[in-house]
Amino acid sequence: MNLIPIVAVELQPIFAWIYRWLEGLGLQGTLLTVVVYAGLGVMVFGVLAVLALFLVWWERKIAGHMQQRFGPMRNGWHGWYQTMMDGLKLLQKEDVLVDTRDKVVFFWAPVICFVAAFLAYVVMPFGDGLIVADLNVGILYIMAVTTFTVISLLMAGWGSNNKYALLGGMRSAAQVVSYEVPMVASILTVILFTGSLSMVDIVESQSGLVFNWFVFRLPFGPVAFMIYITAATAEANRTPFDIPEAEQELVAGFNVEYSGMKFAMFFLAEFVNMFTVSAIAVTLFFGGWQGWEFIPSWIWFLGKTFMVVLLLMLFRWTYPRLRVDQLMEFAWKILIPIAFVNLIVAGWMKYAGWYW
Amino acid sequence: MLSIVKGIVELVRGMTITGKHLGKHAVTLQYPEEKWPMPERSRGIVVLLSDKETGALNCTACMLCMRACPTAAITIDAPRGEDKKRQLKVFQLDVGICCFCGLCEEACNFSAIKLATKYEFSTENKEDLVWDMHKLQEVGRDVPYEARPKKKPAPKPESQSQPPQTVNPVAAPESESSEDEKKEGEA
Amino acid sequence: MSAVRTEEFMVNMGPHHPSTHGVCRLLLTMDGEKVIKIEPYIGYLHRSIEKICENRTYHQCIPILDRFEYVTAMSCNYVFSLAAEKLAQIEVPERAEYLRVIMLELNRIASHLIFFGTTAMDLGALTPFLYALREREYIMDLFEMTCGQRLTYNYIRIGGVSRDIPAEFVPKCREAIKIIDQKVDEYMALLNGNPIWQKRTIGVGYLSPELAVAYGVSGPILRASGVDFDIRRDDPYSIYDRFDFEIPVRPNGDVFDRYMLRLDEIKQSVRIISQALDGLPEGEIKAKVPLKFKPPAGEVYSRIENSRGEMGVYILSDGTEKPVRVKTRGGSYNHLQVLPEFATDILIADLVAIFASFDIIMPEVDR
């Protein structure tokens, strides 16, 4: 049982020390594995919680500057711990409950949403060797667990016993299920060339020059990326596809009845989801953690991901929202045909060997 | 297909416009620390003005402002003294009712009431919004104003209520005649 | 499986809803996402402005009427002054007329900018709102510089205007309208070509000219339905007949036309203002109106073209210093009545777009 190779090179001595210390405590076999993985889970959770808080702040700053305002400015330098304060505020707020709610469903919806948002990070390669578990079905696993979110949104919509929330939940179910199809089709285009579902293999197949990044593989690479980023925006419920919580139509959609910490869980999960889809985009299309070696790999990964997040933010603060039927029409009549044509073209080129 | 490409071009165009604004500096201010300079005519809080030399209120309790007020925010109680002159006893302004229209300032012939450029007077109690004359005077101490030329300060129209043909010497041309004023005073 | 059934449900959109612009309540009967019946309920902003005016002198009515339609308070001031002047046969000085036109058109621009921002926001684009308010700020500054307030001006009075413009007004105003003229092009570039925006607006909420006329719809909404009617030209008041401007008319009567027509109107207002600034004469700013203004007994109705359609004031006078009856007419009241007609095959998102394109403002409805 050797767990050490799965962590980054920089961290290996520390992990080796912790491992020896745990062994010294008398832990062995399965128990030891469980403890180590639990520790890794807590680490990933902590990193992501901080990242999500940072993203909320960053989004507000970007939105503010885009609209020629400042955004948060009060807490710390340019309000850098504003979101932590907001989180604290939400923690101590009263949890307003509707009497007519479906108690079980209402309670578990935010929990599932929150947990599902973090599940994808089990196979996310943050850096060279910085991955919790390199599953050989990595990307398939991600596609599976990110879809859990839709269940929680549907539960929230149903459990709130509110018409706006119900409409929001229904919309989110229809939307996420529709956009899953073009998303998978565009991911398949990548997998066709890597020949592996493992995230690490996908990253390593793009090593070398920048032109080895999948997004630069003409002509199908950019098309696949555009389809992916569109579907990912819809997957993360962000404008122009934020119809489940469309503020101007459904007030707040599925989370209209949630308050306090339950709302904060939805809110944080939304930002973790945004980071997830951006991180997948980086892994699949932008070479993951690859870059010049004098900068640590995880900085490359984070930097690239933040660029994709910035793109999503630009989308959000520029575009109007699509209507629900137009959204479906867009998915089924435009995105999916293009995605499949793209897939066929890519497959044919792979077969003919016209690629590098 | 062409429409899709055109759509993407338009989407990118929109994004460049918003993206360009990212680099620009904010046009807003951080309010409590920075403040806009208020224009000189800005109609903020109502204040009572005092004489620059003596420090006494300019108000002569003629009640023109009280009658001009469309929301009845001003309450004046000025019983006539023994010399039949009005003594200003109570001057109350309910800031919560005041609509800052500036009609009182225009009605006043004695430069006694003005809408100053100050605007930060929020309180936690509704009762604190009823301001008496001392507070109004205090707030108005440093408010600059041009005193209207007092041609004949001594013969106030109220003090000479016997001859009804006396015209208010300092009244602006469009202002009310002394006849009306007297009628109101007797009421 | 016969137990599975669907049913219509009712949703209360408002009085507190992000896109009902104030406190309008729409009771929607919905079939899933589809809206099949709309019932507007009004009265949540009723402040009995008309009744208050009956207990005020004519001069005191003006600040009260500022609140009648607060987005274009200058028009409220003006329409009441116009009625009182008609009643008392007052000649308004030349300079005052020019100043009034400048202020009215500036206020029209400000109102249309608000419309642009809120419509974009209701359709999900949040940034244009801030851009529109940024430009509106120039106009607000001009107003504050002139009359001291940014929203409830109390500037246009019976017989003229309350104060002359300060010396720096004219250059600042020229600069402001120049900037706004450029920025309107930027707004158009930001939204007009956007496929999402086009999908959400073009062909949505068609209002036929017949229906519009039948309901007494006026202003930009009427013109967007292809009816060429503008009180500024067809029943001229003030000195609008001296300026060279066009009345934009659009044929399609959908949300996009109503939106584009207002942006066109901003451009025309800019034209009017620059002409008025060029021709601004010197002279008196107010006719001699006694403080105890007593118009002769009689009745009068005056109407103007506001940014939300026809705005009118009816005054019944008995010769005393207080009006016996003041009746106001706001365009939004009629526009809200048309809304139930749209409940055919629209989604709730379309309803939001239509409501936004009508630019309804509730104090005009609940007077």
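Let's start with confidence in chain C. This is a predicted model. Chain C has an average pLDDT of 86. Of its residues, 99% score at least 70. For the model as a whole, ipTM is 0.79 and pTM is 0.84.

Next, the build of chain C. Chain C holds 14 helices and nine strands. Its radius of gyration is 21 Å, close to the 21 Å that the globule rule gives for 367 residues, so chain C is as compact as a globular protein of that length. Now the box. Taken along the principal axes, the C-alpha atoms of chain C fill roughly 80 × 45 × 35 Å.

Now to one helix pair. Two packed helices are described by the angle between their axes and the distance between the axes. Our pair is α11(C), residues 255-278, and α13(C), residues 348-358. Their axes come within 9 Å. They cross at roughly 30 degrees. Angles under 35 degrees count as roughly parallel, so α11(C) and α13(C) are roughly parallel to each other. What is the handedness of the crossing of α11(C) and α13(C)? It is left-handed.

Which residues of α11(C) and α13(C) meet? From α11(C), we have V255(C), R258(C) and R262(C). From α13(C), we have A353(C), I354(C), S357(C) and F358(C). Sort the contact by class, and four residues are nonpolar, one is polar and two are charged.

To recap the pair: α11(C) and α13(C) run roughly parallel, with a left-handed crossing.

Technical notes. Residues are numbered from 1 along each chain as its sequence is written. Chains are lettered from A and ligands numbered from 1 in the order in which they are written. This is a predicted model: local features need pLDDT of at least 70, side-chain atom pairs count only at pLDDT 80 or more; totals for chains, interfaces and linings use all residues. Side-chain values use heavy atoms; hydrogens and water are left out. pLDDT is the predictor's confidence in each residue, from 0 to 100. Axes are lines fitted to C-alpha atoms, for helices over the stretch in contact, and angles run from 0 to 180 degrees between N-to-C directions. Helices (H or I, at least four residues) and strands (E, at least two) are DSSP runs, numbered from the N terminus. Angles under 35 degrees count as roughly parallel, over 145 as roughly antiparallel, 65 to 115 as roughly perpendicular and the rest as oblique. A crossing is left-handed if the near helix is turned anticlockwise from the far one by less than a right angle, and right-handed if clockwise. Contact means heavy atoms within 4.5 Å. Ala, Val, Leu, Ile, Met, Phe, Trp, Tyr, Cys and Pro count as nonpolar, Asp, Glu, Lys and Arg as charged, and the others, Gly among them, as polar. The radius of gyration is taken over C-alpha atoms; the globule rule is 2.2 Å times the number of residues to the power 0.38.
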